[in-house]
Amino acid sequence: MIARLRYLRRVGAAYLGSGPSQLTFWHELPETNPRAFDRPLDEYYQCFFSKAEYSAFADAAGVPLLDYRGHVGRQYNPIAIAQWGLGNWNLWRRTRDRSRRARWRAAADWLVANLKPNVHGVPVWRHEFDWEYRDTLRAGWYSALAQGQGLSLLCRAHRQTGQDRYLDAAHAAFHALTVEAAAGGVRIREGVDGAWLEEAIVDPPTHILNGFLWAMWGVRDYAVASDSPEAWALLAACTRTLLRNLPAFDCGFWSLYEQSGTRLPMLASPFYHGLHINQLAITARLLELHELAEWADTWRGYTRSAWCRRRAFAHKALFKLLYY
């Protein structure tokens, strides 16, 4: 009960309090970057322009910290650092502004310095704070989402600078995506030829959709940068899993955030539903799969329906009452 009250106090301060919190960073409107598809490892696929401008809290090198409020406080989040770096990469590619270059280099350098073995000896970017999820993720937890987004920035940093330390770190970071979760990685087998990349490592797994898609983009970027047969094979396995399982994320009027395993499924919030649409449309272009674009169109249609929006709101509110 004490932990529950502490969680509610912290979340309430983030959502209802004044001043910046972690939500200031995360909830940027998803925007496809039209300049990202002409050449490999050029601009990143989403713009992340608002994230590039984040400056509420930072260390001496300018690397951002997020304020989770309450007992968690201000923390480095490797996902946020990678996204901040990618947003500044995009702006640097457009403007050649030296300050933008310094920011994406600072993010890439932080990723190199902070890639460390977990208790299984697998190199990961660790979140050094407890996080309340279905099961509490204890300090030191790691994520396929962090591994994938870190790869996307490191591969671009190597392509631009030619410095081997960025590609060496990418090689090490990719390893976690090939190792089963039970052995310290972030991968879970799906059938005989598929693979999930897990944003949150819990048992049973929850298969968070947005984290899986972002991680897939990192696998693709690494495959392009390294031409690794293992990376191309992993991307193919993830693609098979995505195509087989997307129907399970469609509830007929909205998308699911994850496979929660609860009697009442966990719908995506309006923000994450919009993110799913944007991610599927981008993934359709990256993998040349029209079927994914069709799913994006279907889910976009739900947002245009007042009935679907109202039903999703009521469903989400009930879910929070029952399970939060």
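**Questions on a predicted fold**

Visitor: In which loop does glutamate 288 lie?
Guide: Helices (DSSP runs of H or I, at least four residues) and strands (runs of E, at least two) are numbered from the N terminus. On that numbering, glutamate 288 lies in the loop between α10 (270-287) and α11 (290-304).

Visitor: What kind of model is this, and from what number are residues counted?
Guide: This is a predicted model, in which local features need pLDDT of at least 70 and side-chain atom pairs count only at pLDDT 80 or more, while totals for chains, interfaces and linings use all residues. Side-chain values use heavy atoms, leaving out hydrogens and water, and residues are numbered along each chain as its sequence is written, from 1.

Visitor: Is glutamate 288 buried or exposed?
Guide: Buried means under 20% relative accessible area, exposed means over 50%, and partly exposed is in between (1.4 Å probe, protein chains only). Glutamate 288, which has a positive phi of about 55° although it is not a glycine, has a relative accessibility of 71%. Glutamate 288 therefore counts as exposed.

Visitor: What is the phi of aspartate 227?
Guide: Aspartate 227 is in the loop between α8 and α9 (229-245). At 55% relative accessibility, aspartate 227 counts as exposed. Although aspartate 227 is not a glycine, its phi is positive, at about 55°.

Visitor: Which peptide bond is cis, from aspartate 203 or to it?
Guide: Proline 204 has its place in the loop between β6 (194-197) and α8. Omega is near 0° for the cis bond from aspartate 203 to proline 204.

Visitor: What radius of gyration does the protein have?
Guide: The protein has twelve helices and six strands, and its C-alpha trace spans about 50 × 45 × 40 Å along the principal axes. The radius of gyration is taken over C-alpha atoms, and the globule rule is 2.2 Å times the number of residues to the power 0.38. For 324 residues a compact globule would have a value near 20 Å, which agrees with that of the protein, 19 Å.

Visitor: What percentage of the contacts with a separation of 6 or more comes from residues 24 or more positions apart?
Guide: Contact means heavy atoms within 4.5 Å. Among contacts in the protein with a separation of 6 or more, residues 24 or more positions apart account for 63%.

Visitor: Which cysteine does leucine 197 contact?
Guide: Neighbours within four places in sequence are left aside here. The contacts of leucine 197 include Leu177, Phe212, Met216, Val219 and Cys238.

Visitor: How many disulfides are there?
Guide: A disulfide is a pair of cysteine sulfur atoms within 2.5 Å. Cysteine 308 is buried at 7% relative accessible area, and its sulfur is 8.5 Å from the closest cysteine sulfur, in cysteine 251, so the two are too far apart for a bond. By this rule the count is zero.

Visitor: Which cysteine sulfur is nearest to that of cysteine 238?
Guide: Cysteine 238 counts as buried, at 0% relative accessibility. Cysteine 238 is in no disulfide, and at 15 Å the nearest cysteine sulfur is that of cysteine 155.

Visitor: What angle lies between the planes of phenylalanine 37 and tyrosine 45?
Guide: Rings of Phe, Tyr and Trp (its six-membered ring) pair if their centres lie within 6.5 Å; planes under 30 degrees apart count as stacked, over 60 as edge-to-face and the rest as tilted. The structure holds 24 aromatic pairs. Tyrosine 45 is buried at 2% relative accessible area. Its pair with phenylalanine 37 is tilted, with 6.0 Å centre to centre and an angle between the planes of 35°.

Visitor: Which arginine lies over the face of tyrosine 45?
Guide: A charge sits over a ring if NZ of Lys or CZ of Arg is within 6 Å of the ring centre and within 35 degrees of the ring normal. Arginine 96 lies over the face of tryptophan 92, 4.4 Å from the ring centre. Over tyrosine 45, at 5.3 Å from the ring centre, lies arginine 156.
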